[in-house]
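Thanks for coming, everyone. Please take a moment with the sequence and the model, and then I will talk us through the pockets.

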Amino acid sequence: VRIVLSDETVIKTRDYVAADLGLYPGQALDGEALAQLKAAAGKASAKERAVRIISAAGVSKQELEHRLTQKGEDPGDAREAVAWLSELALLDDRRTAEQLVASAVRKGYGRSRIQQILYEKRIPREYWEEALARIPDMEDAVDKFLQQRFRGREPDQKERKRAIDALMRRGYGWQEIQRGLERYGVAMDAQWEEPYE
């Protein structure tokens, strides 16, 4: 609803806020009632925005609070919205960490890239190890990547370097990549070991 004050100020809020405060058209608001309206509208805005954010993507409590304040919500209202969603069990950093890891594994990312995602999403480190322990052996992901990249042919030196660089950007370690190339049948001589050690 839009609440238009006598000075033409417009306050947008949810209809339940107006109902909770017992507002009606033509009502005169004193300073205290106006302050209550603004506070209630701010809290409702933060909660509604928080719900939209978590429904679109997995976020940590810290990231959600940060995003809400970035969008212009009052820091106190942002904290309250995060606490509200936590109480409703809709915001759980442990579960979010597990979801992020599972999503990254489906995309074929390696361990270091997955750790970077957890860091970027502001997941508390106390949940990292438990979530990272769910990463399966990624040999199949490396093999699939190399099969798609080389399409059954013997890659030249330039193609090998590009594939190695791409796998490193995806978060794989040199030993994982080296074993994958060996399984593919690419001979690994000393010149390939130096740049990555």
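Helix α8 (residues 139-150) gives the most to the lining of the second largest pocket, namely 5 residues, where helices (H or I, at least four residues) and strands (E, at least two) are DSSP runs numbered from the N terminus. By a pocket I mean, on a 1 Å grid over the protein atoms alone where a 1.4 Å probe fits, an open set of points with protein on both sides within 12 Å along at least five of seven lines, and lining residues have an atom within 4 Å of a point.

This is a predicted model, in which local features need pLDDT of at least 70 and side-chain atom pairs count only at pLDDT 80 or more, while totals for chains, interfaces and linings use all residues. Residues are numbered from 1 along each chain as its sequence is written, and side-chain values use heavy atoms, with hydrogens and water left out.

Which residues line the second largest pocket? Among them are R106, K107, D140, K144, F145 and Y172, and the lining divides into 4 nonpolar, 2 polar and 5 charged residues. Here Ala, Val, Leu, Ile, Met, Phe, Trp, Tyr, Cys and Pro count as nonpolar, Asp, Glu, Lys and Arg as charged, and the others, Gly among them, as polar.

Turning to the largest pocket, its lining has 13 residues, with I3, V4, L5, Q27 and L29 nearest its centre. Strand β1 (residues 2-4) gives the most to that lining, with 3 residues, and the lining of the largest pocket consists of 9 nonpolar, 3 polar and 1 charged.
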